[in-house]
Amino acid sequence: MELYLDSLRNVSMLTEHESVVNQQKLIELIEHLSSTQNWEFCSSFLVENLERCDSVTALNSFQNSAAFFVCCRSIELFIKVPTASRPLTLAEVPKVSAFITRWIRAFISCCSGHATSQIIKKKVAQFTCLSIIRYYPQHWPTAFDEILAIFSNFSDRPITPPLSKSHPNLASLFSVFLEILKELDSFVLNRDAQLTSEEVSRANSIKDSMRVTCLPAIIHTMTQFMRNLDASEH
């Protein structure tokens with residue numbers, strides 16, 4: 001499988017006239033990963049490659065590769081499968097948790113904090129949201145605590161505007177976190193969304209738990225950084 005992914009690392013999804021061999025290889029790999037649910041290998045591949053992106057050129061090449069598409073598809077299928085079709089196991093929760101937090105850290109750190117990929121940012125937000133929908137609050141009650149803990153890495157550093165120059169990693173983290181909340185909002189609060197009765201129950205459970213357990217922490221974290229930033233401007 002590793003050889004398959006490595007061979008697709010340099011196959012661009014933007015190429016209009018890709019060879020038949022590469023197209024067939026891509027189809028076979030998608031089917032294989034989907035059937036075996038080998039999401040752990042794919043998650044490691046995504047994170048490790050993202051951690052190695054040291055330039056915008058490298059980042060764009062990675063996000064446009066067939067390997068990136070295949071791995072994202074495999075992970076999405078794993079997380080989105082209904083619990084009625086595949087009951088979750090306690091063993092998968094810490095693995096997904098570790099993947100999500102490591103992927104967020106990798107994204108905000110790559111390219112020295114100047115990652116501009118909207119595609120990868122949206123995938124980070126999407127997978128985080130899907131994981132929260134599947135596991136929070138019953139099986140992953142610390143989901144928001146773990147994400148907010150990433151902000152603590154910057155708590156002992158002086159913040160000076162503009163963030164994009166003084167703390168590009170923090171600016172990127174803000175952007176990712178807001179994208180996560182936006183993605184989650186479309187499921188939890190969007191009254192126009194067509195949800196099943198089971199999904200409505202999950203949305204209400206997430207909303208009620210967030211209101212009690214993590215909403216105060218989210219507000220505190222956001223306002224604290226905004227106050228520090230505002231104070232540094234005077």
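## Confidence of the model

The structure discussed here is a predicted model, and its protein chain has an average pLDDT of 83, with 82% of the residues scoring at least 70. Among the elements of the chain, the lowest mean pLDDT, 64, belongs to helix α1 (residues 2-8), whereas the highest, 95, belongs to helix α6 (residues 92-109).

## The largest pocket

A total of 22 residues line the largest pocket, and those that lie nearest its centre are K80, V81, P82, I133 and E199. Sorted by class, the lining consists of 11 nonpolar, 5 polar and 6 charged residues.

Four helices, namely α5, α7 (118-135), α10 (168-188) and α11 (197-232), each supply at least two residues of this lining. Of the contributions to the lining, that of α7 is the greatest, with 6 residues.

## Helix α5

Helix α5, which takes in residues 66-80, has 15 residues and reaches 21 Å from its first C-alpha to its last, a span close to the 21 Å expected at 1.5 Å a residue. The helix is mostly covered, with 11 of its 15 residues buried. The buried positions are A66, A67, F68, V70, C71, C72, S74, I75, E76, F78 and I79, so that cysteines C71 and C72 are on the list, as is the charged residue E76.

## K122 in helix α7

K122 has its place in helix α7, the helix that gives the most residues to the lining of the largest pocket. K122 counts as partly exposed because its relative accessible area is 41%, a value that falls between the cut-offs of 20% for buried and 50% for exposed. Although K122 and I180 are 58 residues apart in sequence, their C-alpha atoms are 8.2 Å apart in space.

## Cysteines

Which cysteines are buried, and how many disulfides does a search of the whole structure find? C129 counts as buried because its relative accessibility is 4%, under the 20% cut-off, and C214 is likewise buried, with a relative accessible area of 3%; in α5, C71 and C72 are among the buried residues. The search of the whole structure finds 0 disulfides.

Technical notes. Residues numbered from 1 in each chain as written. Predicted model: local features only at pLDDT ≥ 70, side-chain atom pairs only at ≥ 80, totals over all residues. Heavy atoms only, no water. Expected span 1.5 Å × (residues − 1). Buried < 20%, exposed > 50% of the residue type's maximum accessible area, 1.4 Å probe, protein only. 1 Å grid on protein atoms, 1.4 Å probe; cavity = no way out; pocket = protein on both sides within 12 Å on 5 of 7 lines; lining within 4 Å. Disulfide = S-S within 2.5 Å. pLDDT = per-residue confidence, 0-100.
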